[in-house]
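Student: I would like to learn how to read strands and cores. Where do I start?

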Amino acid sequence: MASSFFAKRQPGPSNAAALAAQAAANKPWIEKYRPKTMDDISSQEQAVAVLKKTLESQNLPHLLFYGPPGTGKTSTILALARDIYGPEMVNSRVLELNASDERGIQVIREKVKNFARSTVSTNTSDHSVPPYKIIILDEADSMTADAQSALRRTMETYSKLTRFCLICNYVTRIIEPLASRCAKFRFRPLEEHHSKSRLELICLQEGVQISPEATLSLIRLSDGDLRKAIMFLQSASRLVGKGKEITVEVVSDVAGTVPESVIDGLEACWHTRDYNKISTEVTFAVREGHSAARILTQLHERLLRNDALTSLQKARMAEAFGDMDKALNDGADEELQLLNMMSRVSAIAA
Amino acid sequence: MDAGLLWVDKHRPNSLDKLDYHPDLTAHLKSLCASGDFPHMLVYGPSGAGKKTRIACILRELFGAGASKLKVDPRVFETPSKRKLEIQVTSSNYHIEINPSDVGNQDRIVIQDLLKEVAQTQQLDASAQKRFKVVVIHEADLLTRDAQAGLRRTMEKYMGNLRIIMCCNTTSNIIGPIQSRCLLVRVGAPTEAAMVEVMQRVVKKEHCGPLPDSFAKRLAQDSGRNLRRALLMLETAKVQRQPFAEDQAVPRMDWEDFIKHSAVNILKSQNADTLLTVRGNLYELINHCIDPPTILKTLAKELVARIEKDEIKMKVIQEAAFYEHRLRIGNKAIFHLEAFVAKVMHIYKKYKVRFGVPLLGKGGTTGETGTGQRKNEGEE
Ligand SMILES: Nc1ncnc2c1ncn2[C@@H]1O[C@H](COP(=O)(O)OP(=O)(O)OP(=O)(O)O)[C@@H](O)[C@H]1O
Ligand SMILES: [Mg+2]
């Protein structure tokens, strides 16, 4: 009997408002602090400025947002839509299709057609609302090339009534004819001082205490991905509990950083050709549950900083690292891959 | 009613308070459950470290005893090509569990259907402690890229009444955008000392002690710090010999012994006959549903343990890594397993010639090695 789990949602008018308020309080910080307006978007000054300008001209082109995760792409288009239509109309004027939806050629065409055709209830008194609707294709890089090329026609057919916004991480995965129809906006990894001020704002509102060094390592560990930084911040604050300060150690703990001692142990093996030693260190790291991909990243930092190695040695070692990265990506066994990489590297470095 | 259960299941802790090791992690999880803003979670660590147990405890902490009342229902999903898929889904009133390996390539559709359905339902029980429901995705590292991409925006949109807990052995296969939407929870294997404690407690509850610490320690070591495995071995050991003895043999799986014999054979003689015999053994293992990567890895470890020279050990492990990778992306496991064996024979024989170790067996190996590799190339 699955019925109890899948019972349909009952609209409860009496306590709906209370529920909404509670839901907001219960939202994890990455959602709670999602920018509400274009002005809340930090760091992407260029994109935001150009977008604001285009808005004034009432003539929005098709858009293509690209950039690494957690840099504000989805937030920007959602904020933009809210700025254009206002909070009430935004739901009827914006259609979002993301990688979770069926996005075959036929389905897209059908959905876009229906959405574009449903008449825009033009409120004549309100001239500030533009006549077109917006269709957001989030995670567009996971669409097949066929579906993308079918999209070209659809875009042209409904160009009077709709504007498309394509969002992706890798602009190279969008076919050229499609990309060339859009105004492109590149979202950059957040600059340190922008991440910093955003994190400080959250700390202030949530009453979190954090040492300046910890904030810095939070930012460093998240590579300009603000969502990651906020996620780390929230779990760090849960870890230390209310009223205590978040330290650098706590941050590297929640970020899943492999402890320096483990990395030290592995690096020490580079200069021996002792298989058993390698095997002991690798097995320990794997049993502790550290991700091989993380270990690889951290070992790579060590490689760059290591002065005892010649450039040629470093190059050859980097090759072994690259092979391992590829193999991991294909789902190969982490322990075997680590053993392989370490034994290759030790033959180069020792 | 408990009588039929294996010890591993019977003595599985069912609340955070009863968890044995990693007390810091347990405390962290407890405070997360108590706070209102419980995040999505990615729980990772080696197998047998107790990830599943911990997740069950989290659910119980969040929702109370109702989360442990599980039922299994068949559910039918339809693919865009109108093909019907029937899958067994485990659920309680508060959560639902899915396993991508049951679904194969259609995992995106099944997961999205389930998530959307869950997101549109609400907690029936008004007194429920949490507003959201939980979807547990086991073996999340097996999710296709397609399914992972599909989860990204879903995880954001349905945050209001849905949380996802993913469970996997490694985060290496989980795409970055998903990792950054989750709280990463690492569950390392228990230390040997912690495992001995757990075993002692179980033995005490089963009234079949005393259990010599030294034997328990050997079980912990031989299991590779895999607690599930250690408890299974302990239960077998109890059947084999009561009371336990210090010098009792650690029970081994018969397939492990089978692989060990193959390893011994390979190092004894490197020729076509041995290759043929070993291939027969490999086939048999595959037919007994031993996972091919596990066969390869176990064989490699048995080989390396029997080889003296570091240089040769390393060569063998490098080949193991190479062929295990090939095996994952290829189709026919036996080709890669056989190619690995042939390669090892080649390496080992060359080494014996170089160091003047007397050759056992008969015939050259180069021919056989070639066969193994040609097959392998034809396959790619
Ligand atoms: N530029 C930014 N300014 C303010 N907050 C940001 C910014 N970028 C990211 N964030 C924070 O990170 C969260 C996720 O951002 P968003 O969903 O816009 O990322 P994205 O670029 O769409 O990432 P993905 O490629 O993974 O979909 C937001 O809810 C917000 O809290
Ligand atoms: Mg996004």
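Student: Which strand does β1(A) pair with, and in what sense?

Tutor: In this predicted model, strand β1 (residues 63-66) of chain A pairs with β4(A) in the parallel sense, over 4 bridges.

Student: How many bridges join β3(A) to β4(A)?

Tutor: There are 5 bridges between strand β3 (residues 133-137) of chain A and β4(A), and the two run parallel. Here Lys133(A) stands opposite Thr162(A). With helix α7 (residues 145-157) of chain A, these two strands make a right-handed β-α-β unit.

Student: Which way do the residues of β4(A) point?

Tutor: In a regular strand, side chains alternate between the two faces of the sheet. In β4(A), Thr162(A), Phe164(A), Leu166(A) and Cys168(A) point one way, while Arg163(A), Cys165(A) and Ile167(A) point the other way.

Student: How many residues of strand β4 (residues 162-168) are buried?

Tutor: The count is 7 of 7.

Student: Which residues touch the most other members of the largest nonpolar core?

Tutor: Nonpolar side chains tend to be buried together in soluble globular proteins. The largest nonpolar core has 67 residues, and those touching the most other members are Trp270(A), Leu299(A), Met341(A), Met342(A), Leu303(B) and Phe340(B). Helix α14 (residues 333-354) of chain B gives the most to this core, with 12 residues.

Student: What does Trp270(A) touch?

Tutor: Its contacts include Leu299(A), Leu303(A), Phe321(A) and Met342(A). A second, separate core has 52 residues, among them Trp29(A), Ala236(A), Ile246(A) and Leu29(B).

Definitions and conventions. Residues numbered from 1 in each chain as written. Chains lettered and ligands numbered in written order. Predicted model: local features only at pLDDT ≥ 70, side-chain atom pairs only at ≥ 80, totals over all residues. Heavy atoms only, no water. Buried < 20%, exposed > 50% of the residue type's maximum accessible area, 1.4 Å probe, protein only. Pairing = 2+ DSSP bridges. Right-handed = clockwise from strand over helix to strand, strands pointing away. Core = buried A, V, L, I, M, F, W, Y, C linked by side-chain atoms within 4.5 Å. Contact = heavy atoms within 4.5 Å. Lists of a residue's contacts leave out its neighbours within four places in sequence.
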